[in-house]
Amino acid sequence: MSEFASWLVAARKQHKLSQSQLAERVGVSQAQVSQWENGRLEPKPETLAQFKEILGEPPRDAKPSKPSKPSKASKTNGAVLGFEQKLWEAADKLRGSMDP
């Protein structure tokens, strides 16, 4: 377990907060808090700022997480939007070719 994960568990308990209560204050799911506490994920910089406000100063070794990869849903949405754009462009070309 990382120093940050150990600190997060101890600080949360010191403030008498459950994972769910901390998650609600930070604006994430309880599962996200669990993953941070188990050292599976590291928090983003903006989340570290929220921890500082709620729980106090985190240890110096708490590093921001790497940018997450786009989810399958966002990739699909991007593909749909690209396809939709191509449809509009094709419709515009058709309309232009029909004008006298």
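I looked up the crossing of α2 and α4 and found it right-handed, a crossing being right-handed if the near helix is turned clockwise from the far one by less than a right angle, and left-handed if anticlockwise. I took helices as DSSP runs of H or I, at least four residues, numbered from the N terminus.

I noted that this is a predicted model, where local features need pLDDT of at least 70, side-chain atom pairs count only at pLDDT 80 or more, and totals for chains, interfaces and linings use all residues. Residues are numbered from 1 along each chain as its sequence is written, and side-chain values use heavy atoms, with hydrogens and water left out.

From α2 come Leu22, Arg25 and Val26, and from α4 come Thr47, Gln50, Phe51, Ile54 and Leu55.

Buried means under 20% relative accessible area, exposed over 50%, and partly exposed in between (1.4 Å probe, protein chains only). This core has 14 residues, and those touching the most other members are Phe4, Trp7, Leu8, Leu22, Phe51, Ile54 and Leu55. Two or more residues each come from α1 (3–14), α2, α3 (30–37) and α4.

I checked Leu8 separately: leaving out residues up to four places away in sequence, Leu8 touches Leu22, Val33, Trp36, Glu37, Phe51 and Leu55.

Last, I looked at Lys16, in the loop between α1 and α2. Lys16 counts as exposed because its relative accessibility is 72%. I recorded its phi as near 55°, a positive value in a residue other than glycine.

Notes: Contact means heavy atoms within 4.5 Å. A nonpolar core is a set of buried Ala, Val, Leu, Ile, Met, Phe, Trp, Tyr and Cys residues joined through side-chain atoms within 4.5 Å.
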